[in-house]
Amino acid sequence: MTALPPPFARWFAARGWTPRPHQLALLEAARQGRSALLIAPTGGGKTLAGFLPSLIALHDRPREGLHTLYVSPLKALAVDIARNLTAPVREIGLDIRIETRTGDTPPNRRARQRERPPHILLTTPESLLLLLSLPEAAALFAGLEAVVVDEAHALAGTKRGDQLALGLSRLSRLAPAARRIGLSATVAHPEALRAWLAPGARAGEVALIRGEAGAAPVIGVQLPAGRLPWGGHMGLASAPEIMAAIAAARVSIVFVNTRAQAELMFAALWRLNEQALPIALHHGSLTVEQRRKVEAAMAEGRLRAVVATSSLDLGIDWGDVDQVIQVGAPKGVSRLLQRVGRANHRMEEASRALLVPANRFEVIECAAALESIAAGELDGEPPRPGGLDVLAQHILAMACHAPFHPDELYAEVTRAAPYAALSRRDFDDVLRFVEDGGYALRGHERFRRLFRDAEGRVHVRGPAVARQFRLNLGTIVEAPLVKVKLRGGPVLGEVEEWFLSTLRPGDAFLFAGQVLRFERIAGAAAEVSRGGEGDPRVPAYAGSRMPLSTHLAGRVRAILADPRRW
């Protein structure tokens, strides 16, 4: 088994740690130049395992330029990993620069990263595509030696995963020697994930490393003292029990399924917070400053609880969290395990969680989820073929980077696992659509984005097309958003335009954990003040509909079909 270099061995010893077998196995795979998929339980040191080969390589062979690219499904996770990775780099005495690059990164830092890239860059699939579309992308990634994909199961099989797979295929052309490292705690289809991870490689060429099992989670169900309603999905009837559970624990994360539910639950808990415990709110529509403030306060142990959506449910490592409360049915076993894993983020200690069904039917969903966990079953479908809409966006990105020949790009695209079976006819049809709008839209000038030269190479029509692409890239579909600005104060976040269109001046609504009074639309923002009369409304978002996973729905149907289990 590969041994750690002395500085790293001393660092482990100073912390009272012994390198885990899967960490050493991943290090050995890296020294052999092999890509790898590491499946290890929450708290098993997956992230450190993924970065350890890069830290050792940069220690042994110092160099400038981008060495390792880390891709995360969440911006908050990328920031948290950067914060946690800085500690060993500083304590070992490594001269390594680590930076994040997401939609929240200010323009001046993005420009600096392009001129002087850090050794390790932490980013998201969307920001990676933007980087690949830049004219200097070839120079930026030429020296890349490793790509770490965290929470790989959350990306594979989704449109964001298709986008990332195409990006990995382009990286394999720009940096053919770069290894791929996939990290995940919950994988239902490991062989399919291995194939998705390494473009153009047979699944068997990717080392599959499994960590030892951790302590089984301890999960209970919390019902309200009074009557549990038949309908509704907010769980507010259980707010007193949730507040009591928060007071009895050291630090809690209260997960909810939607942003509207987060606002309402936070308000309900705040009204019951007679001890004035420090409690915060976190969801994707708040400003980046507010979200970073909450994340920093949790990391520093200054909060007793945070009410959060899925913006915090993947990989976040806050060691003081000893309790997770899931309000509303989890809708999927893997999602529940990921959220439960935020508590006691250590393999040797059981993660503790409470499920709080919001209505009587959700009691059945919670029971079905607990049965699946006890049986060791995970939900999730194998990755499906890639979407043609994602391919169209990728084609335009590659044209923004540099002219290409269709034959070369087709060969590159089909090295990505989701597009391995893509026919040349379908590729050409998508290319034609991006080029001039295809048979339906070719008569409109604004859909003519590409052109071909005499040698058949495809070019972008001009800087305006590239600029429009970079402002609109991504696969997460959102309704038009409008900033909410406190009169005489800061921007609080964003709500969907349709919601504001239903408000009149003086109407009250709940947002960013406070009651606001709608004043007017001023420029491109909604101007508000604190306070308001009447029952406040709550902004709802188009992405708030959450179906059950196929696996969990099957278990629910089985319970309903057997009256003896009612």
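## A walk along the salt bridges

Start by selecting Glu 300: with a relative accessible area of 55%, this residue is exposed (over 50% counts as exposed, under 20% as buried and anything in between as partly exposed, using a 1.4 Å probe and protein chains only). Before you go on, note that this is a predicted model, where local features need pLDDT of at least 70, side-chain atom pairs count only at pLDDT 80 or more, and totals for chains, interfaces and linings use all residues. Residues are numbered from 1 along each chain as its sequence is written, and side-chain values use heavy atoms, with hydrogens and water left out.

Glu 300 and Arg 302 form a salt bridge, with 2.8 Å between the closest N and O atoms; the term stands for a side-chain nitrogen of Lys or Arg within 4 Å of a carboxyl oxygen of Asp or Glu. Arg 302 itself is partly exposed, at a relative accessible area of 48%. How many salt bridges does a search of the whole structure find? The count is 32.

Next, jump to Glu 145 and Arg 63. Their side chains meet in a salt bridge, 2.9 Å from N to O. Glu 145 sits in the loop between helix H7 (137-141) and strand E5 (146-149), and Arg 63 in the loop between helix H3 (46-60) and strand E2 (68-71), so this pair ties together parts that are 82 residues apart in sequence. (Helices, H or I with at least four residues, and strands, E with at least two, are DSSP runs numbered from the N terminus.) Color the two by accessibility: Glu 145 comes out partly exposed at 30%, and Arg 63 is partly exposed at 23%.

Then pick Arg 517 and Glu 519. Here the closest N and O atoms of the salt bridge are 3.1 Å apart. Arg 517 is partly exposed at 30% relative accessibility, whereas Glu 519 is buried at 15%.

For something with several members, select Asp 104, Arg 291, Arg 292 and Glu 295 together: salt bridges link them in a network.

Last stop: Ala 343, in the loop between helix H13 (333-340) and strand E13 (352-356). Buried or exposed? Ala 343 is buried, with a relative accessible area of 0%. Show its contacts (heavy atoms within 4.5 Å): leaving aside residues up to four places away in sequence, Ala 343 touches Val 321, Asp 322, Gln 323, Val 324, Ser 351 and Arg 352.
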